[in-house]
Amino acid sequence: MLGMDLTAFSGRKRRLSVERFLVVHARTVPDRGVLAADWRTVFLLLLLLPVCCSGEEECVLGLVGRPVSLSCFLPQLLTSVNLSIEWRRGKEVVLRSVWREDGVLEEWSVHRFSTPEDASLSGNLSLQLPSVEASENTTYYSLVETSGGNSSSELCSVCLRTAASFSDPLLQREESLHGGPEAVFSCQSSGGFPEPTLTWLINDTEDPPPGAVTTITTPLSDIWLFNISSRLTVNISKDGSVTCLVKNPALNETLTSTSYSVRRSAVRSRASEAMWIFSTALCVVVGVMVLTGVAYQINLDRISKRKKQDFEKEQSRGYKRSYPDKEEVEAMRPERNESEV
């Protein structure tokens with residue numbers, strides 16, 4: 001009964017929008033007097049038309065490889081029993097949920113699609129996708145109520161739009177083989193979606209001359225991502241700069257990379273060379289100091305060992321003088337006279 005009420009409400013809402021449009025159209029046909037009398041009503045209806053149009057499905061942006069939730073809140077379904085709903089991708093059923101009379105929720109899905117755990121309590125029937133694929137760009141998902149195998153009208157309809165960021169542009173410069181002012185620049189970026197645009201700027205403001213740019217976009221058919229590469233051949237002064245810009249309109253994202261002049265590159269090269277020389281000299285000085293410290297410590301250890309040995313020798317000599325041998329003591333004793341015996 002609830003499904004029938006929701007279906008009727010959806011049908012009335014759509015018929016009302018059509019009737020308002022027909023009223024506007026019918027009132028533009030009569031004579032000028034009638035049109036002048038009803039200009040306020042017509043103006044009001046014209047203001048309502050964009051509101052009706054804005055009620056159409058809005059696409060949800062999902063980043064490739066990340067989870068996304070397709071929102072659908074229907075708290076009026078909480079009082080229903082034996083309710084069965086289906087989330088569909090086009091005509092394919094990707095998830096089916098059934099509320100039994102005992103309050104148990106049974107759910108079947110493909111690709112690990114799911115609804116929130118508190119769906120039966122909050123009315124949040126949003127479809128949760130564990131990982132977005134680029135191939136699902138501009139795919140429509142719809143939620144319908146089913147009863148006895150028959151489908152009612154849509155309860156929710158959501159459009160999924162997908163996008164993926166590109167890698168930072170790799171900009172390289174090659175000097176002309178003839179030594180002239182002409183130079184060749186190449187710019188590459190990969191792994192994004194949808195197809196990007198690549199532009200060049202000379203000295204931050206100037207566009208390249210016609211015919212100076214060649215751009216190739218390569219789709220990766222297995223994963224629906226894109227690689228883009230471009231080549232710029234231009235006469236540029238020694239103090240000029242070239243910038244490569246990769247734009248992804250789906251994410252409102254612009255990635256840039258700039259190649260500066262030869263002079264600036266030379267300055268950076270000299271600075272890095274000086275830093276390398278300083279680091280090397282510092283390492284040598286520290287190494288010499290460490291070796292000097294180690295040698296000094298070894299010398300101190302030798303001197304200490306020598307003093308210890310000398311001290312032990314002096315101690316042993318003094319011990320012998322204090323305690324002479326037993327033979328020497330007996331030799332020094334006087335012999336007894338036999339007469340005394």
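Leaving aside its neighbours within four places in sequence, with which residues is Thr-139 in contact? The residues are Arg-89, Val-158, Cys-159 and Leu-160, where contact means heavy atoms within 4.5 Å. Thr-139 lies in strand E7 and counts as buried, at 16% relative accessibility. Here buried means under 20% relative accessible area, exposed over 50%, and partly exposed in between, with a 1.4 Å probe and protein chains only.

**Basis of the model**

This is a predicted model, in which local features need pLDDT of at least 70 and side-chain atom pairs count only at pLDDT 80 or more, while totals for chains, interfaces and linings use all residues. Residues are numbered from 1 along each chain as its sequence is written, and side-chain values use heavy atoms, with hydrogens and water left out.

The mean pLDDT of the protein is 75, and 67% of its residues reach 70 or more; pLDDT is the predictor's confidence in each residue, from 0 to 100.

| Residues | pLDDT | Contacts beyond four places in sequence |
|---|---|---|
| 1-56 | under 50 | 23 contacts |
| 263-269 | under 50 | three contacts |

Where pLDDT is low, the predicted coordinates should not be read in detail.

**Overall composition**

The protein has six helices and 15 strands. Helices (H or I, at least four residues) and strands (E, at least two) are DSSP runs, numbered from the N terminus. Of the 341 residues, 26% count as buried. The accessible surface comes to about 23,700 Å², of which 56% belongs to carbon and sulfur atoms; these areas come from the Shrake-Rupley method with a 1.4 Å probe, and for residues only the protein chains shown count as cover. Among contacts between residues at least 6 apart in sequence, 58% join residues at least 24 apart.

**The nonpolar cores**

A nonpolar core is a set of buried Ala, Val, Leu, Ile, Met, Phe, Trp, Tyr and Cys residues joined through side-chain atoms within 4.5 Å. The largest has 23 residues, and those touching the most other members are Leu-74, Trp-87, Leu-125, Leu-127, Leu-129, Tyr-141 and Leu-143. Strands E2 (68-70), E3 (83-89), E4 (92-99), E6 (127-129), E7 (139-147) and E8 (150-163) each give two or more residues to this core. The most comes from E8, with four residues. Beyond its neighbours within four places in sequence, Leu-143 is in contact with several residues, including Cys-72, Leu-74, Trp-87 and Leu-155. A second, separate core of 22 residues includes Phe-226, Val-242, Cys-244 and Val-246.

Strands E14 (residues 242-248) and E15 (residues 253-259) pair in the antiparallel sense over seven bridges; two strands pair if DSSP finds at least two bridges between them. Val-246 has Leu-255 as its bridge partner in E15. Four residues stand between the strands of this hairpin, where Asn-252 takes a positive phi near 55°.

Ser-126 is found in the loop between helix H4 (119-122) and E6 and is buried, with a relative accessible area of 2%. Its side chain reaches the backbone nitrogen of Cys-72 at 3.0 Å. A polar contact of 2.6 Å also joins the side chains of Ser-126 and Asn-124. Such a contact is a pair of N or O atoms within 3.5 Å; within protein, one must be able to donate a hydrogen and the other to accept it, and residues adjacent in sequence count only if both atoms are side-chain atoms.

Leu-121, in helix H4, counts as exposed at 70% relative accessibility.
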